[in-house]
Amino acid sequence: MKGFQRDNPYFSLCGLNCKLCPMNLSGHCGGCGFGNQSCAIARCSLAHGGVEYCCDCPEYPCARYDHIDEYDSFITHRHQKTDMAKMRQIGEAAYNAEQREKMAFLDKLLSKYNDGRKKTLYCTAVNLMELEDLRRIIEQIDGKTPGEIADALREQAGDLRLRRKA
């Protein structure tokens with residue numbers, strides 16, 4: 001879309017963690033303002049003065065976010081509102097630093113423990129899990145097979161979902 005640009009390649013306008021997405025890793029999406037410019041939310045940003053993040057808009061949270069956390073896809077939408085709140089709380093620089101650390105974990109998982117079928121699982125797990133949980137898992141995985149690691153991540157992710165629902 002003509003005229004739409006962003007400065008942050010890690011965190012999208014709508015609250016997705018772009019660099020942790022399997023579409024971004026595969027080169028199919030550069031993120032809003034970096035390649036995927038047909039996004040309706042990008043058009044909305046331009047209509048609202050070019051806000052960098054939806055949470056900076058005076059109308060946020062608007063109707064676009066009413067049910068966003070009820071659904072999910074290969075690009076995780078589950079934490080968009082939570083991640084925007086966290087980014088606002090700790091600041092963009094600190095949030096990006098966390099994303100870079102998560103990217104390092106993801107790179108390690110993909111380079112050392114991917115059997116060719118785990119990219120989406122690893123991207124989703126790294127995106128949804130807190131850094132302290134990821135640090136603990138990374139310490140525990142040395143010498144394990146990709147299947148054992150995937151099982152551990154699924155178990156951790158399941159435990160986290162149950163805790164958040166409670």
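Hi everyone, let's start at a loop: arginine 117 sits between H4 and helix H5 (119-128). Helices here are DSSP runs of H or I with at least four residues, strands are runs of E with at least two, and both are numbered from the N terminus. At 66% relative accessibility, arginine 117 counts as exposed. On that scale, buried is under 20% relative accessible area, exposed is over 50%, and partly exposed is in between, using a 1.4 Å probe and protein chains only. Arginine 117 is 29 residues from proline 146 in sequence, yet their C-alpha atoms are 9.4 Å apart in space.

Before I go on, a word on what you are looking at. This is a predicted model, where local features need pLDDT of at least 70 and side-chain atom pairs count only at pLDDT 80 or more, while totals for chains, interfaces and linings use all residues. Residues are numbered from 1 along each chain as its sequence is written, and side-chain values use heavy atoms, with hydrogens and water left out.

Now the overall picture. The protein chain has seven helices and zero strands, so read from the N terminus the order is α-α-α-α-α-α-α, by the DSSP runs I described. Of its 166 residues, 39% count as buried. Contact means heavy atoms within 4.5 Å. Taking contacts between residues at least 6 apart in sequence, 69% join residues at least 24 apart.

Let's go inside. Which residues touch the most other members of the largest core? They are Leu13, Cys54, Tyr60, Tyr65 and Met84, out of 19 residues in that core. Helix H2 (40-47) and helix H3 (80-90) are the elements that give two or more residues to this core. There is also a second, separate core of 17 residues, and Leu106, Met129, Ile141 and Leu153 are among them.

Have a look at methionine 84. Leaving aside neighbours within four places in sequence, methionine 84 is in contact with Phe11, Leu13, Cys14, Gly15, Cys54, Cys55, Tyr60 and Tyr65.

Tyr60 brings us to a detail of the backbone. The peptide bond from tyrosine 60 to proline 61 is cis, with omega near -5°. Proline 61 lies in the loop between H2 and H3, and arginine 64 is also found in the loop between H2 and H3. Is arginine 64 buried, exposed or partly exposed? With a relative accessible area of 39%, arginine 64 is partly exposed. Not counting residues up to four places away in sequence, arginine 64 touches Ala40, Ile41 and Cys44. Arginine 64 and cysteine 14 are 50 residues apart in sequence, and 9.6 Å apart from C-alpha to C-alpha.

Two packed helices are described by the angle between their axes and the distance between the axes. The axes are lines fitted to C-alpha atoms, for helices over the stretch in contact, and angles run from 0 to 180 degrees between N-to-C directions. Under 35 degrees counts as roughly parallel, over 145 as roughly antiparallel, 65 to 115 as roughly perpendicular, and the rest as oblique.

First topic, H3 with H4. Their axes come within 6 Å and cross at roughly 120°, which makes H3 oblique to H4. Here Asp83, Lys86, Met87 and Ile90 of H3 meet Glu92, Ala94, Tyr95 and Glu98 of H4.

Next, H4 with H5. These axes come within 10 Å and cross at roughly 155°, so H4 and H5 are roughly antiparallel. On the H4 side the contact is made by Lys102, Leu106, Leu109, Leu110 and Tyr113, and on the H5 side by Lys119, Tyr122, Cys123, Val126 and Asn127.

Then H6. Helix H4 (residues 92-113) and helix H6 (residues 131-140) pack at an angle of about 30°, with axes 11 Å apart, and are therefore roughly parallel to each other. Glu98, Glu101, Lys102, Phe105, Lys108 and Leu109 of H4 meet Leu131, Leu134, Arg135 and Ile138 of H6.

At 10% relative accessibility, asparagine 96 counts as buried. Apart from neighbours within four places in sequence, asparagine 96 is in contact with Asn8, Tyr10 and Phe11.

Note on methods: A nonpolar core is a set of buried Ala, Val, Leu, Ile, Met, Phe, Trp, Tyr and Cys residues joined through side-chain atoms within 4.5 Å.
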